[in-house]
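Colleague: I would like to go through the ligand site and the pockets with you. Could you put the structure on the screen?
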Amino acid sequence: MELSPPDRVRLASLPTPLQPLNRLSAHLNGPKIWIKRDDLTGTALTGNKVRKLEFVLADAQTESADVLITCGGVQSNHCRTTALIAAQHGLQSHLVLRGEKPEVLDGNTLLASLAGAKLSFYGPREYQDQLPALLEYWVNHYQAQGKRPYLIPTGASNGIGLWGYITGAKELIADCERLGFNADYVCCATGSGGTHNGLALGFSTLSPDVRVRGYAVCDDGDYFRRKADQDYRDWNNRYYPNNQPPQIELDVDDSYIGKGYGAAGPAVFDAIRLLARLEGILLDPVYTGKAVAGLIDQITTGRFDDSHNIVFVHTGGVFGLLPYREQLTPQI
Ligand SMILES: *Cc1c(COP(=O)(O)O)cnc(C)c1O
């Protein structure tokens, strides 16, 4: 099938580099590991969300939106990225955040507030039970002021945002061709699902021999399979209404979640230290550190012994690293 992306607003610095992690590969004595540096999509726009937001912002512009409303955890990278993009385009932003209001803003929340975002904090219970109503409340609030609010779902993961990593897969295929190798696996952290789902759709269409594995950082495999189904249907309805929605066997590994979203165990902090020390690469405890801890565990236990080349997609998250300073401070 020919995949033709809709309009996008160019926001990310693309293509991002694809680099070999030679010292990590030697250390693990397994397949060659490569890293797709989507932490370098931009200094403040670092990470994966900006790829999806290129397409989502284009859609918001067709609706003449002047306020972007979105939601996520207190340290949401997606919310920070949305706030900065809004500022870059002269739009207002409003973030509906899961978590009690902190005394001092830190990490992503601090940056979002610098970019002028309005922040609303809700306790985890209220957020979980009431999110659609909370979002509707703020949409009505801005409409009553004569504004045109545009609602972006968690992680910009919907049928529009899917294009971010369908086109990301295409970019990665070109990277591998240029560097002269075939990827056996492409791996990433999965949170709201859009990155993994986009990559899975992109690769299954353009280069089906490449397997795509997502390491869940919250929620189980069934949740992510349902979410993928929903995203693919939404995508299909919007862009290919005459086709059947894609049927893709999603490879989600939910065995490294630990105690839940944002809760990182020792293996995650070990992975963060290892990558920083061996490769000068900064991971984060919520997403990339968890996924790399899973990848390292599976390489050392022989689960990738049939693979020669693995690409890990570094989805960013560096600002989310800093609020974990206490767990990361070495004993000195
Ligand atoms: C959001 C995020 C992810 C997960 O991507 P999804 O598309 O939401 O699954 C991974 N890593 C980082 C750093 C993120 O901010």
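Colleague: How do the residues of the shell around the ligand divide into nonpolar, polar and charged?
Modeller: In this predicted model, the shell holds two nonpolar, eleven polar and two charged residues.

Colleague: Which residues come nearest to the ligand?
Modeller: Lys 49, Lys 52, Ser 192, Thr 195 and Thr 315 come nearest, out of 15 residues around the ligand. At least two residues of the shell are supplied by each of α2, β7 and α7.

Colleague: What lies 2.6 Å from a nitrogen atom of the ligand?
Modeller: That is a polar side-chain atom of Thr 315. On the oxygen side, an N or O atom in the side chain of Thr 195 is 2.7 Å from a ligand oxygen, and the side chain of Asn 77 places an N or O atom 2.8 Å from a ligand oxygen. The protein covers 98% of the 380 Å² of accessible area that the ligand has on its own.

Colleague: Where does the ligand sit?
Modeller: The ligand sits in the largest pocket, which has about 980 Å³ of space. Its lining comprises 46 residues, with Arg 98, Thr 154, Gly 191, Ser 192 and Tyr 223 nearest the centre. By class, 13 of the lining residues are nonpolar, 24 polar and nine charged.

Colleague: Which helix gives the largest share of that lining?
Modeller: α8 does, with six residues; this helix spans 221–239.

Colleague: Turning to the second largest pocket, what is its volume?
Modeller: The volume is about 240 Å³. Of its 20 lining residues, Val 74, Gln 75, Val 286, Pro 323 and Tyr 324 lie nearest the centre. Nine of the lining residues are nonpolar, eight polar and three charged.

Methods. Residues are numbered from 1 along each chain as its sequence is written. This is a predicted model: local features need pLDDT of at least 70, side-chain atom pairs count only at pLDDT 80 or more; totals for chains, interfaces and linings use all residues. Side-chain values use heavy atoms; hydrogens and water are left out. On a 1 Å grid over the protein atoms alone, a cavity is a set of points where a 1.4 Å probe fits but cannot get out, and a pocket is an open set with protein on both sides within 12 Å along at least five of seven lines; lining residues have an atom within 4 Å of a point. Grid points are joined across faces, edges and corners, and a volume is the space filled by probe spheres set on the points. Helices (H or I, at least four residues) and strands (E, at least two) are DSSP runs, numbered from the N terminus. Ala, Val, Leu, Ile, Met, Phe, Trp, Tyr, Cys and Pro count as nonpolar, Asp, Glu, Lys and Arg as charged, and the others, Gly among them, as polar. A residue is near a molecule or strand if one of its heavy atoms lies within 4 Å of it. A polar contact is a pair of N or O atoms within 3.5 Å; within protein, one must be able to donate a hydrogen and the other to accept it, and residues adjacent in sequence count only if both atoms are side-chain atoms. Accessible areas come from the Shrake-Rupley method with a 1.4 Å probe; for residues, only the protein chains shown count as cover. A molecule sits in a cavity or pocket if more than half of its atoms lie within 2 Å of its grid points.
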